[in-house]
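Please keep the sequence and the structure in view while reading.

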Amino acid sequence: AELLAELLALQDPWATQQAQALFTQVLQQFDGTTVAEDAAASGESSGSIVPNDLHGMILAAGVASGGEEAWQRVMRAHESSSSTEQKLRCLAALGAASTAKLQQSTLEFAISPSVRSQVPCLHRDSFKPRASELTTPVV
């Protein structure tokens with residue numbers, strides 16, 4: 001997990017590709033649908049379940065490289081989840097948005113009544129270059 005995290009932080013193409021491939025699987029696991037169940041239903045060989053300790057970094061990598069569609073999918077996963085742990089992972093992943101529009105949307109959501117004030121969702125590296133520009137009007 002630590003090696004994958006470091007490779008993703010360095011924007012390694014292989015690690016990013018692997019994370020993107022697992023992105024949908026993680027969201028399916030959040031929904032209670034495993035890859036193995038999907039494969040069995042379609043008659044394919046069963047897939048593997050993504051370990052919980054990789055969920056956050058895979059979701060963040062998906063949001064960072066997947067644009068608005070990936071951001072919306074993670075937002076829907078947050079809204080539909082009843083698990084605090086899954087909600088926290090989704091919120092942290094939303095902080096990895098790579099466009100100014102999505103970063104602004106994340107910031108607005110983070111300060112909304114929908115998110116408890118002690119929940120960290122703006123700690124991702126993608127916010128650092130634009131943090132003061134985005135937060136100054138809010139504060």
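## Basis of the report

Contact is taken here to mean heavy atoms within 4.5 Å. The model is predicted, and the contacts and distances below should be read with that in mind.

## Packing of H4 against H6

Helix H4, which covers residues 52-80, and helix H6, which covers residues 100-110, have axes that come within 10 Å and cross at roughly 15 degrees. Because angles under 35 degrees count as roughly parallel, H4 is described as roughly parallel to H6. The crossing of these two helices, H4 and H6, is right-handed.

On the H4 side the contact is made by Gly 67, Glu 68, Trp 71, Met 75 and His 78, and these meet Lys 101, Leu 102, Ser 105, Thr 106 and Phe 109 of H6. Sorted by class, the contact of H4 with H6 holds four nonpolar, four polar and two charged residues.

## Packing of H4 against H5

H4 also packs against helix H5, residues 84-94, at an angle of about 65 degrees and with the two axes 7 Å apart. The crossing of H4 and H5 is right-handed.

The H4 residues that meet H5 include Asn 52, His 55, Leu 59, Val 63, Trp 71, Val 74, Met 75 and His 78, while Lys 87, Arg 89, Cys 90, Leu 91, Ala 93 and Leu 94 take part from H5. By class, this contact of H4 with H5 has 11 nonpolar, four polar and three charged residues. Trp 71, Met 75 and His 78 of H4 are listed in the contact with H6 and also in the contact with H5.

## Salt bridges

How many salt bridges are counted? The count comes to two, taking a salt bridge as a side-chain nitrogen of Lys or Arg within 4 Å of a carboxyl oxygen of Asp or Glu. In one of them the side chains of Glu 68 and Lys 101 meet at 3.2 Å, N to O. This pair links distant parts of the chain, with Glu 68 in H4 and Lys 101 in H6, 33 residues apart. Glu 68 is partly exposed, with a relative accessible area of 38%, whereas Lys 101 is exposed, at 54%.

A further salt bridge joins the side chains of Glu 85 and Arg 89 at 2.7 Å, N to O. Glu 85 and Arg 89 are separated by about one helical turn, because they lie four residues apart in H5. Glu 85 is partly exposed, with a relative accessible area of 43%, but Arg 89 is buried, at 18%. Arg 89 is also among the H5 residues that meet H4.

Key. Residues are numbered from 1 along each chain as its sequence is written. This is a predicted model: local features need pLDDT of at least 70, side-chain atom pairs count only at pLDDT 80 or more; totals for chains, interfaces and linings use all residues. Side-chain values use heavy atoms; hydrogens and water are left out. Axes are lines fitted to C-alpha atoms, for helices over the stretch in contact, and angles run from 0 to 180 degrees between N-to-C directions. Angles under 35 degrees count as roughly parallel, over 145 as roughly antiparallel, 65 to 115 as roughly perpendicular and the rest as oblique. A crossing is left-handed if the near helix is turned anticlockwise from the far one by less than a right angle, and right-handed if clockwise. Ala, Val, Leu, Ile, Met, Phe, Trp, Tyr, Cys and Pro count as nonpolar, Asp, Glu, Lys and Arg as charged, and the others, Gly among them, as polar. Buried means under 20% relative accessible area, exposed over 50%, partly exposed in between (1.4 Å probe, protein chains only).
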